[in-house]
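Good morning, and thank you for coming.

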Amino acid sequence: MHYRKAVIWQKAMALAEAACRCSMHLPGEERFGVRLQITRAAISIPSNIAEGWSRESRKEKSQFLAIAQGSLSELHTQLLLCERLGWIECGPLQATYGLADETSRMLTTLRRRFRSE
């Protein structure tokens, strides 16, 4: 199966899109600070899933999924901080947090499957 057909990649893409849209609401002075970090972390998640999906060995696949999981944690932390600082309203973030949670659970399940096989 191609990675674009994988539900986990589709969820990660939706998360990346939502996070990038949320980052547009940051103050202008954060354009090259937190906003850049948010977009990089968000884009890293589906990118690493896609790269891992295309690798031959289980070890490499697992490594890229771990990187995606790390980027997801980084993104979630950055969004929480922006919410706490009042830079992004809580309302628009709720759907993004939901996508982050779903994607995280799917990554965890997939990573466990690679470890147990």
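Two remarks on the source come before that. This is a predicted model, in which local features need pLDDT of at least 70, side-chain atom pairs count only at pLDDT 80 or more, and totals for chains, interfaces and linings use all residues. Residues are numbered from 1 along each chain as its sequence is written, and side-chain values use heavy atoms, with hydrogens and water left out.

What does the secondary structure come to? The protein has four helices and zero strands, and along the sequence the pattern reads α-α-α-α. Helices here are DSSP runs of H or I with at least four residues, strands are runs of E with at least two, and both are numbered from the N terminus.

Turning to overall dimensions, the C-alpha trace spans about 45 × 25 × 20 Å along its principal axes.

Of the 117 residues, 39% are buried. Buried means under 20% relative accessible area, exposed means over 50%, and partly exposed lies in between, with a 1.4 Å probe and protein chains only. Among contacts between residues at least 6 apart in sequence, 71% join residues at least 24 apart, where contact means heavy atoms within 4.5 Å.

Now to the individual helices. Helix H1 covers residues 7-23, and its 17 residues reach 24 Å from first C-alpha to last, close to the 24 Å expected. The expected span is 1.5 Å times one less than the number of residues in the helix. Among the buried residues of H1 are Trp9, Leu15, Cys20 and Cys22.

Helix H2, residues 34-53, has 20 residues and reaches 29 Å, close to the expected 28 Å. Where does H2 bend? The bend, of about 25°, is at serine 44, and proline 46 follows within four residues. A bend is the angle between axes fitted to the seven residues ending at a position and the seven starting there. Both Ser44 and Pro46 are among the buried residues of H2, as are Ile38, Ala41 and Ile45.

Between H2 and H3 there is a loop that includes arginine 55. Arginine 55 is partly exposed, with a relative accessible area of 29%. Setting aside residues up to four places away in sequence, arginine 55 touches Glu60, Lys61 and Phe64.

Helix H3 has 27 residues and reaches 39 Å, close to the 39 Å expected. Its buried residues include Phe64, Ser71, Gln78 and Cys82. Which residues does serine 71 contact, leaving aside neighbours within four places in sequence? Serine 71 is in contact with Ala41, Ser44 and Ile45, and it counts as buried at 7% relative accessibility. Glutamine 78 is also buried, at 12%. With residues up to four places away in sequence not counted, glutamine 78 touches Gln37, Ile38 and Ala41. After H3 comes glycine 86, whose phi is positive, near 80°.

Glycine 91 is found in helix H4, residues 90-116. Is glycine 91 buried or exposed? Glycine 91 is exposed, with a relative accessible area of 54%. Its C-alpha lies 16 Å from that of aspartate 101, 10 residues apart along the chain.

I finish with the cysteines. The structure holds zero disulfides, a disulfide being a pair of cysteine sulfur atoms within 2.5 Å. Cysteine 22 counts as buried at 5% relative accessibility, and cysteine 82 is buried at 1%.
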